[in-house]
Amino acid sequence: LSREEIEELVRTILADVLGLDPSEVDDTTSPDTVKAWDSLQHLTIVLSLEEEFEIQFDEEETLAVVSFPLIVATVSERLGIPDPR
Amino acid sequence: VTRVDELRARLQGRAPFFASAVDRAEASFGEEWSAGFEETLTRLFPDDDQLAAAAEGYARFAMDLMRRQSRFERERVYPAKSYAEAAAEVYLDADFMAAQYLPGLLIAHYLWAHHYRHLVFFERAFLGAMAGATTFAEVGVGTGLYSRLTLQARPAITGRGYDISPASKAFADAHVAAFGAEDRFETILQDIVADPIPPAPWLICVEVLEHLEDPPAFLAALRAALLPGGHAFITAALNAANVDHIYLYEGPDQVAAQLHQAGFETRESFLANAYAPAAPDTPVPAVAAFVVS
């Protein structure tokens, strides 16, 4: 997977779980900006990411993936995809 | 800025999806909840570092439970675990207990609706009936919350709290001392099944049964620890996949039957679910409480 492909898959998961249009998911997407992102939806996001990317977040990561860019960065790191920035 | 506001801000910064739980509880339970929670946070976590650590513990405690609950919803059983394994993994792990389990459990009693409703039920149905009581005992003292509420509500009463966890003993001692009641309360490390305790006229036992391999044996010991004519407040968690829950209660009738089998007579009971189920057959965490004699 490339970084761009990871971004698109994460965007799709966030849009599906949070009831957003994929075009609405951007670097500001987080529980601070999306009211629907409550604890139950957060767990759904975490479990969906784990299934999609076949990874298992540890306790710290589970709490830390609280925005679109943080999720992309965490998943990319787990998959060994270098950060382009 | 109140301590409740500070906790909300800490959660917002660490795990923002949990911060709304403060708003929901505040809106649902009003001034009495606010005053009780504020006093608890102020006394137990008076400086910001302590409150930040408690917020961190709560976030980890709650997320761990949510993950386990999701698995339970699929499998409908708790993972096989012995009491000895749960004790080693949880009760006897001082760091885990102090950093996560105990502060998480304490805060959950105010942020989780079913737990707070049980506090309200306890205060009305049990504490309200304790006029004139001079002594009580709590078995499984945990965070010390229920004993502290009893000591606070009954200024002349003295009590004993029993637990197997040194970390619980330390936390409960600090909790009671933070409310100035340490002279009226003693905590003791003791397994009441292996080593029976002196009978008391008022007994409290909150969410212990689901932690045991053999709740009926424990209830027999608890019955022997209640003086004739005495009263007990006994609760059990249902369908709640906490790390240390090993005996699955699927409904309040199972608890009631075991209480009856042990010789208790139910005076009043109360059941509260944590939330509405996502689907009709999805198990939801709940607590069943009984005032028995």
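Start at the interface of chain B and chain A, where four salt bridges are found (a side-chain nitrogen of Lys or Arg within 4 Å of a carboxyl oxygen of Asp or Glu). The model is predicted, so local features need pLDDT of at least 70 and side-chain atom pairs pLDDT 80 or more, while totals for chains, interfaces and linings use all residues. Residues are numbered from 1 along each chain as its sequence is written, chains are lettered from A in the order in which they are written, and side-chain values use heavy atoms, without hydrogens and water.

**Stop 1: the interface**

Select Arg67(B) and Glu50(A). Their side chains form a salt bridge, 2.4 Å from N to O. Next, colour the side of chain B that touches chain A. Helix H1 (3–14), helix H2 (16–44) and H3 of chain B each give two or more residues to this side (helices are DSSP runs of H or I, at least four residues, numbered from the N terminus). H3(B) has the largest share, six residues. By class, this side holds seven nonpolar, three polar and three charged residues. Here Ala, Val, Leu, Ile, Met, Phe, Trp, Tyr, Cys and Pro count as nonpolar, Asp, Glu, Lys and Arg as charged, and the others, Gly among them, as polar.

Now show both sides. 13 residues of chain B are in contact with 18 residues of chain A, contact being heavy atoms within 4.5 Å. About 1400 Å² is buried between the chains, 60% of it from carbon and sulfur atoms (accessible area, 1.4 Å probe, lost on putting two parts together, summed over both).

**Stop 2: the second largest pocket**

A pocket is an open set of points on a 1 Å grid over the protein atoms alone, with protein on both sides within 12 Å along at least five of seven lines; lining residues have an atom within 4 Å of a point. This pocket holds about 290 Å³, a volume being the space filled by probe spheres set on the points, joined across faces, edges and corners. Helix H2 (39–53) of chain A and H3 of chain B each give two or more lining residues. H3(B) gives the most, six. The lining has seven nonpolar, four polar and six charged residues.

**Stop 3: the cavity**

Which helices of chain B each supply at least two residues of the lining of the largest cavity? Helix H3 (48–75) and helix H5 (94–111) do. A cavity is a set of points where a 1.4 Å probe fits but cannot get out. Select Phe61(B), Asp64(B), Phe96(B) and Asn242(B), which are among the lining residues. The space is about 70 Å³.
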